[in-house]
Amino acid sequence: MGRTGEASQIMLAQKALAHYRALNDEERLAFFQLLANDYAAEPADIHSAYAVYREREDNAALETLFNACEPRRQALLRRLNLCPGGTFDLVKMRADLLKCLREAPELSALDSDFAHLFSSWFNRGFLMLESIDWNTPATVLEKLIRYEAVHEIGDWRDLRRRLDPEDRRCYAFFHPATGDEPLIFVEVALCDGIPGNVQRILEHGEELPLEDADTAVFYSISNCQAGLKGVSFGNFLIKQVVQELSRELPQIKNFVTLSPVPGFADWLEGARSEATLSEELTTYLDTHDGEALSSAAHKEFMRLAAHYLVDVKHKSGQPLNPVARFHLGNGASLHRLNWQGDTSPKGFKQSHALMVNYLYQLKGIEQNHEAYSVNHTVVCASDIRRQAHQAGQYFEAKAPAKA
């Protein structure tokens with residue numbers, strides 16, 4: 001932290017990061033506590049700078065106050081970032097910090113410093129969109145297999161089914177400081193019509209001629225770096241991919257997701273004490289035997305799903321479902337609910353196999369985003385809104401559950 005030449009700073013940063021990598025979990029926690037406690041801003045400097053600002057209230061006094069309020073650990077992190085590979089080392093360091101936060105919440109101020117710096121270092125102007133296909137270097141393809149977080153990629157043949165056919169696309173954001181490490185990637189299927197089942201996409205039978213495709217389906221979006229949690233990439237990625245595909249394939253008219261609904265099964269399990277569910281639906285939720293499910297029980301399930309996505313709120317006032325928050329916040333609308341959309345064990349466990357299409361319409365994205373940002377409005381299809389309203393009959397006149 002002393003006054004040294006740039007070459008010395010780079011060498012010291014390399015040594016410091018090498019020492020950090022050699023620490024065990026207990027030592028890393030001690031290091032984070034050191035930064036939080038001993039490298040904060042100096043209260044005396046803040047009081048002194050504020051006294052000057054109260055008297056003068058000019059830009060010079062404001063700059064001095066701003067500098068006094070900045071924790072010294074931010075300057076330290078900037079120094080560590082000077083050496084080659086330092087940025088990615090700091091991303092991995094923050095991933096370690098996030099693990100510590102569960103047992104040491106007093107480190108949240110240090111985490112805020114990381115998030116503040118990363119929001120500048122990883123802003124949209126530095127991100128590079130790249131198309132990934134079967135000819136992409138194996139070092140990158142291996143990372144796709146490792147980082148896939150929505151629908152597991154079983155092996156190289158599975159990966160090839162997602163990348164090689166003409167009706168498949170994959171795009172990723174990279175950053176100059178992280179080399180061949182993707183930050184986030186999205187997998188796309190080109191389809192004839194809006195699909196409602198992800199297994200048909202993943203198993204990928206007959207290849208669709210491009211001239212017959214009218215829909216681009218974003219069926220998997222994976223964040224790759226745990227240390228960049230809270231740094232938003234997904235909204236930029238989807239919007240830019242929509243623009244790229246619109247230019248390449250002007251016949252594509254629909255841009256939709258085929259999204260999981262994590263947490264729906266847990267919510268519905270808790271809602272059983274409040275709701276009056278039919279015996280048939282209760283049996284289905286326990287057994288997932290939907291072969292003989294009646295039309296009435298099917299409608300009951302879909303109404304409860306619509307209620308969960310439209311009316312059940314987080315304490316922040318936003319939808320409880322995290323995937324809904326992501327896509328609605330990006331300007332999408334809730335377009336369709338898909339019964340038996342993901343019949344994998346994971347799909348049944350997290351949502352009783354329910355999947356959702358969120359619709360991205362270029363003309364409505366900004367308007368939808370504004371409605372959601374200002375009022376947390378869930379823009380959705382009229383039939384979903386009607387189903388959500390009808391779900392009230394299953395509850396005993398209670399307000400929507402919050403978490």
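A polar contact is a pair of N or O atoms within 3.5 Å; within protein, one must be able to donate a hydrogen and the other to accept it, and residues adjacent in sequence count only if both atoms are side-chain atoms. Here the side chain of T136 reaches the backbone nitrogen of D133 at 3.0 Å. This is a predicted model, where local features need pLDDT of at least 70, side-chain atom pairs count only at pLDDT 80 or more, and totals for chains, interfaces and linings use all residues. Residues are numbered from 1 along each chain as its sequence is written, and side-chain values use heavy atoms, leaving out hydrogens and water.

**Around T136**
- With 15% relative accessibility, T136 counts as buried (under 20% relative accessible area; exposed is over 50%, partly exposed in between; 1.4 Å probe, protein chains only).
- Setting aside residues up to four places away in sequence, T136 touches S131 and L141 (heavy atoms within 4.5 Å).

**Aromatic pairs**
- The whole structure holds 15 aromatic pairs (Phe, Tyr or Trp rings, the six-membered one for Trp, with centres within 6.5 Å; planes under 30 degrees apart are stacked, over 60 edge-to-face, the rest tilted).
- One of them, Y20 with F31, is tilted, at 5.6 Å centre to centre and 55° between the planes.
- F118 and F122 are edge-to-face because their planes stand at 85°, with ring centres 5.7 Å apart; both residues are buried.
- A cluster linked by ring pairs takes in F264, W267, Y284, F301, Y308 and W339.
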